[in-house]
Each structure stands twice: as structure tokens, then as C-alpha cells.
Amino acid sequence: MAPLDAKIPQGPIADKWTNHKNNIRLVSPANKRQIDVIVVGTGLAGGSAAATLAELGYNVKAFCYQDSPRRAHSIAAQGGINAAKNYQGDGDSIYRLFYDTVKGGDYRSREANVYRLAEVSSNIIDQCVAQGVPFARDYGGLLDNRSFGGVLVSRTFYAKGQTGQQLLLGAYSAMNRQIGRGKIKMYNRHEMLDLVKVEGKARGIITRNLVTGAIERHAAHAVVIASGGYGNLFYLSTNAMGSNVTAAWKIHKQGAHFANPCFTQIHPTCIPVSGEHQSKLTLMSESLRNDGRIWVPKKKADAQAIREGKRKPIDLAEEDRDYYLERRYPAFGNLVPRDVASRAAKERCDEGYGVNKTGEAVFLDFADAIVRYGKEKAHVKGLDENDMDLVRKLGKEIIKAKYGNLFQMYEKIVDQNPYETPMMIYPAVHYTMGGVWVDYNLMTSIPGCFAIGEANFSDHGANRLGASALMQGLADGYFVLPYTIGDYLADDIRTGAISTETAEFEAAEKNVRAQIDALISNKGTKTVDYFHRKLGKIIWNKCGMSRNEKELKEAMKEVKALREAFYKEVFVPGTPDSFNESLAKALRVADFLELGELFAKDALQRTESCGGHFREESQSPEGEALRDDENFTYVSAWEYKGEPSKAKLHQEQLNYENIELKTRSYK
Amino acid sequence: MKLTLIIWRQQNASAKGGMQTYTLDDVSPDMSFLEMMDVLNEQLMGQGIDPVAFDHDCREGICGSCSMFINGEAHGPDRLITTCQLHMRKFKDGDTIHIEPFRAKPFPVIKDLVVDRTAFDRIQHAGGFVSVNTSGNTQDANSLPIEKQAADKAFDAAACIGCGACVASCKNASAMLFVSAKVSQYALLPQGQVEATDRVLNMVKQMDEEGFGNCTNTGACEVECPKGISLENIARMNREYLTANLKG
């Protein structure tokens, strides 16, 4: 295997992307018509890439497991999308967005990629507006912005609490135009089950039709993986039920390095687990931390009384409350980055201050904000600011206008009125910064196989800032991959159509069929969910918000044992050649059971703390994360060697030429 | 809670389906409706019965996958939510719940409660877009101010999740609410107005070809829509359609 070369262009950082675009090879329009590209996944990254590649003239085949590309999980993103437009005139710039992203990522991302991301961010907004995406506007008719955690400017564009939905529908509409023209052939309800390599190059995929169960061969000159993140490794996460690692894991097993698998974002504001039946977790947008104050009782006795339902949180006096984020981080308070806020919540709950039945919840309280807004409104209207009933009524109206849909969602799920009693929240798995290793061109270590969006590792380092996932997905799909893929495909203009009637396709299909047959004929006694739940518990308890050597070693052993038990004891009902969700799930969980072990191995190897990765052995006396720049300023890229535990580590050194490495401080 | 569930079972598109009765003990009121279905499926698998197939994905009310007709209502008895957001506390111990797929001729059953809604996609292929290339070389996003009221209305129309509850609730299986939401979003924005004539004609044509029925203004779709898409959109689409025909 060749040494890891990120292929970062030479020259000053601000010129790298422009120079690179000017120098890479192009494919003529006539030749593009002879070239096929497969795109797996139709979220923001895959949808935008498929549409743009088709517009450029390539023949695109797009695949999604959902019944329509519009349902990819990008649709659930709430808060917004960052762009360095500086419309607010608050001093924003490409450099600042670049700097904030690198710092927010705790200095574990690649400078050149992040700069390019910041550079194209403005274009994304122009593009989306041209497509008819209805962003929020102010009364002057111009685009509105809001602020997100970890930054000091307003650069987040949004469409109420449904920004992901609107951006995805924009990309979907661009796809529809190309589907209508016949330039994209869309395969709904199809799952990629393996990559096919011919002479070392990615030349196609094997898929399963989720309706008929048919195993199909699809050939192309290049394969783009845009299948999202692997948060469902934890069983409970804010990901969709079907979100999975299969496409990314299959290419890993075929030679694509997997980078920083242990870098996971645990989002601080989610609705807590209510019981064993829980199937997924629901996020409450980060924007709530603009107005909500987070606290737990100061005394353990009070916390216990609240847990047992003997006391109500609103009855607790101000001096009996511990606003622990404001106490620990006076400068950023409730708006510290996600990793910091999550760890602080866990710390309080572990100490016995949790406030729901399970002891794993803290309060997010809007009472102060309601009074503050209410007084302001009373003042504007010339009403009595000391009439507290009136003030609360006015304040609630304002909170409703700002966060109404989130409050409604909370009430439906928890059955408590968050206008009257504080919300209960707890951290949950939300996003994975780690993913398939790619070079500057977004190509994996397999020639012709690309990875974009959350599926790759490149831009967010060890912690992603809010409203940056949408930005990266669309940047990769609309503006980066469509250029860089041409440089690779320039060698394929004389290749001609790729045949699926070859030994390589034959062998790959045979493997897929064998795996399916083994699962169906196993006839064990335990369901797929039984194993998925167990896996989630191991990963959450031993590789979650806080990690140590002993438990990580245990996790590796336990995941391996669970994987072996899975193949012995799993029961998959039904037949292979029909609509069979249990089978689809079994194939996904089988891959999670391998990834889990590599995940723990990666966390074990990185003995520093950085971003979302907190090693208990590496912390300051105050309990803050301690980075080790001397020994760990690199990307861990793992090469598959027959078994997850035997994966070989390759290091990509991260060189910071434009930003000085500093300790992140939000105090 | 103890529940009796009467569920539509159908092996595949060509098989004949029928209602089957199952009982479920020990349902927690904190479960979502789909979590209750998960528990049922675990139970069925234990008894050697094929689990009930149903569409679901995000389980937070935004992807539009889930699509059950519960006790005669799309997405069940609660308002402005999808099935995945419906919680069992809306039901009582001892209740009998009827669960059927979204029924309409253009939505053929794939299996049990799973239906094929790709007709919606095909309507979008016919015109649900603005013909602008994704090159990024468009004008600056703020070069064209858009009145806030129009932008907000366009957003309200764009909030449609494409679940098909409107079709399932309509006695004519009309898709007018769905199609009009997309037509309205673009009609309300200057970016969409350039192609307004072709768009409405093409989308309506495709809608008719898919076999969706006509609108007779009963308003059932608006009542059952989990995203509160307004009937106003249908009126707007009718205006757009008429204008387009006069021009055309």
C-alpha cells in the first residue's frame, strides 16, 4: 500500500483551491456522455453530487435505501447552515469561518480542506436561493442570520427549525430535473452490499433491491459513497432508523482506510431515554441554548426528591440550583461547544444530581427568558412591567414564536408543558466526524472510489460546530467532487462501458449471496435488535462520552464476542427474495459489529483527549480535556487486515501553517 | 396497557390481503406508536409469525416515511403529527386499534402497511424544480429581496413532507394538496415564476396520468395533514393552472 498522500496543492492557503481547479484535467462534454458514475446515498452530499454530475454530462446512477431520495436523513437537520457571507457586517470572513472550524474541531482537521469549505460556503447560499429554497428573511426582504455555539458572529442561515429539510428538497429538486431528463437513473429502496474492484479500481457495486430481494450488479467508471455517518453503532442515536455504515464499511474492507472512527459528536440537548422500548432519540436544536439555562439541584437530596416525584423543579429556590455551565465556563456559559456541554452534563449526573427517573437528565429552563422577553415586550407596549402574570404571558408568546415547533415536539414526546416546567435533556449520539479517509480530491485509498459528506472524515476534526454539517455536505456535492472527479475520470475517456459480466462481479455477487443465505438459514433464537441493543450498550458505556484504557480493552473483547454470538444465534425470519426488513437490518448490524471493534481500538490508541474524544487519563486537574499535540497531531487512518482488531494504523500528519495550535478555552 | 390490534396483512403486491387480530400486553403509555409496533414484531417473531412490514425512518416527524391509517385516520387520532410522533398515551387500556396502509389506487401496497408512493416522485420529475444549474455561478443571494410575507408563505408550502396522508384521507384519492404545495412554493418566489406556466401544466398532467382523483373541496386533506399545509394552496394552484391554460 502506498504511503498516505493527502495530495494537498502547493501555494498559499487562499490560492490552493483556485490553482488546483485551474490545473487539474477536464473531461470534454462529448466524453462525459461516455462515462458512468455511481452515487450511493441521496442526502445533501449524494443528492447534490448526483444532480451536478448529471448537469455536467455524466451518466449517473443514484441509489438510496429509502422509498424516495427526499427522505434521506439530512432532512432532519434543524438549526441552519453556515456561510461566510458577512451579510450582518459583524466582521465575518472566509478566514474566520476557517479558523472557527479548525479551532472548534480541536485542531484535528486538515487545514486545506477546511479553508476550501469556508471558501465555497458563500456559493452554497447563492445556489440554494436560486433553486427556490425559502430561507428566513427579514422585513427588508433580505436573508436573516442567527448565531450558533462556539463562534462570535452571526453566519447561520436557516429556514425555521427545518433547514435540513429545505436544503435537501432543493437538492432533490435538482435531481428531479435530471431524472426527468434521463441523466440520473434513480434506484429507490436499494442497498449497496459490496464494492466491485477491477484491476484495483472501483468499477461497480452489488445491490439488493429491498422490495424484491433481487441481487443486482451495477457498473460504472467511478463510485461515490455518500451514505452518511455511523451514529447508529450506539443503537440509540438521533440518526434515522435505517442509517447505517454498510457502504462505508464495505469499501473499507476492500482497501479504503477508515479515519478517526472514534471521533463522535454527542449532542448535549436531546430528549432523555424513557425506557427499554426506546428506539431512537430526538434532538432539541442547539438554538435553544441561546435562551435556555441549564441546571441541576445543588443538593443531592433535592435531586433525589425530584427523581421520586416528591418535589417539583419550579419549587426549588434560586440558591438551591447549580447552573453548572455558567459556573464552570463564565465566558461562554450555556453556549459552550457541544462536546464540552455534554461532558459537563454527564459529570453532574454521574455524581448523583440527575433529575429524571433514570438519573440521566438535566434541566433546560426557559423561565428566566420568558420573564426577560415579557418585560421587554411590556416596556415596548407601555404596559406594567411589574405585573408578573402579564409579563409571563407576553414572554411565552415570544418564546413560542421562536421555538414553538420544538416546544410542541417536546410536549408530544414527554407529556410535560415546557412553558410551565423546565425541559429535561441529556446528551445523545448525533454525528460522526470520523469516516472514510479521503485525500484533497475526496478520493479514498481505492482509486475511483470517492467519499463525501458525513461519510468522509475530512473537515470537522474531533468536534463539529453547529450548522457545519449541511455546509460540508453541499460543498462536497455541489462544488468540490464534481471538479475533482474529472481529474480521475480523464484517464477513462477511452475505457468504454464497464461490463458486469466479469469474474470480479461474479465473485462479489457470490459473496453477497453467501452472506445473505448464511443469515437466513442460521435459524437462531435471538432477534437482530437484541444484538444491536447489546452492541449499543457496550459502545455507549465503554466508548461514550468518557473513555479509559481498561474499558476500551473490555469493549474490544465484548464486541468481538458479541459478533461471534450474532453469527451463531441470530434469527432472521422470512426469505431472501422478498421485502424483508429483518434481513436488511441484519446485514447492517453485521457491519456495525465489526466497526464497533475498530472504534474502540482507535479510541484506545489515541491516548490524548481532543474534541468529542475524552480519555480520562488525559485531563487537567479541573477535569478539562488535555490534548497532546506533540504525539497526536495526526489523522489515524486504519487499513483493514482481515479483522477489525488487526487493522493497521497509517498516520497522516496534520501541518498547521496558518493557524497556531492553542488550547481551546471557553472559560 | 393491554391492546387488541387489527392489522392489514398482505404478503406482496399481488397477494390478497386481509385483517388479522393480535393482542399485546404491557404497552407503556410512553411508547411511540411505532415502538409499540416494534414490540409487536418482536412478539410475532417469537411466535414464528412474519413481522408486520411498515415504512419508517427518521422517527421524528420529518422524513415522511411512516404512513399508517389508524382507526380510520391518516397518522392516527392526534393532529399535526405523523405516526412516529403519536404516543400510546393517546389510547386507553383495553382499546382495539385498526391499522391499515394508506389506501389509494396510485399507492399500490408493497407489503402489509408499506405502499409505493413513487407516483409523488414522478410528479416532481415533471416540474418540481427551478431550471438552474448547480454551478454556484448564480447571482448573490441578497441581490433580489423577497417580501417576508411571500417568503414565509413559500416556506409554509415547502414544509410538506410528501407522506401522502392527503391522498389517503381524500375520498377521491386526490393529490391536489401535495401538488399544490410544490406549485405554490415556486409560484410565491421570483425564482420560480420564470417557469410557472410549464410547471403547473406538466405537474397537473402527470398527476392525472398517475390516476389521482379530482378535488371536491371536502378539506379532509387539510385536517389530516401532519404539517398543516393549507387548502389555500389548492386555490392558488387552480389560479395558476387557469392562467397557464389561458396563456398556453
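How many residues of domain 1 of chain A are in contact with residues of domain 2 of chain A? I found 5 residues of domain 1 in contact with 5 residues of domain 2, where contact means that the C-beta atoms, placed from the backbone, lie within 7 Å.

**Ground rules.** I am working with a predicted model, where local features need pLDDT of at least 70, side-chain atom pairs count only at pLDDT 80 or more, and totals for chains, interfaces and linings use all residues. Residues are numbered from 1 along each chain as its sequence is written, while chains are lettered from A and ligands numbered from 1 in the order in which they are written.

**Domains of chain A.** I looked up the bounds, which come from an automatic or database domain assignment: domain 1 is 269-429 and domain 2 is 501-653. Their C-alpha centres lie 35 Å apart. On the side of domain 1 of chain A that touches domain 2 of chain A, helix α10 (residues 338-353) of chain A gives the most, with 4 residues. Helices (H or I, at least four residues) and strands (E, at least two) are DSSP runs, numbered from the N terminus. By class, I noted 1 nonpolar, 1 polar and 3 charged residues on that side of domain 1. Here Ala, Val, Leu, Ile, Met, Phe, Trp, Tyr, Cys and Pro count as nonpolar, Asp, Glu, Lys and Arg as charged, and the others, Gly among them, as polar.

**Where the chains meet.** Next I checked chain B: 64 of its residues are in contact with 66 residues of chain A. Helix α1 of chain B gives the largest share of the side that touches chain A, 6 residues. That side of chain B has 26 nonpolar, 22 polar and 16 charged residues.

**The core.** The largest nonpolar core has 289 residues; such a core is a set of buried Ala, Val, Leu, Ile, Met, Phe, Trp, Tyr and Cys residues joined through C-beta atoms within 7 Å. Buried means 20 or more other C-beta atoms within 10 Å of a residue's own, again placed from the backbone. A:Val436 and B:Val167 are among the members that touch the most others. Helix α17 (residues 581-605) of chain A gives the most to this core, with 14 residues.

**A sheet in chain B.** I traced 5 strands in an open, mixed sheet, in the order β2-β1-β5-β3-β4. Strands pair if DSSP finds at least two bridges between them. In chain B, 4 bridges join β1 (residues 3-9) to β5 (residues 96-101), and these strands run parallel. I also spotted B:Ile6 opposite B:His98 in β5 of chain B.

Conventions: Two residues are in contact if their C-beta atoms, placed from the backbone, lie within 7 Å. A residue is buried if 20 or more other C-beta atoms lie within 10 Å of its own, exposed if 12 or fewer, and partly exposed in between; C-beta atoms are placed from the backbone.
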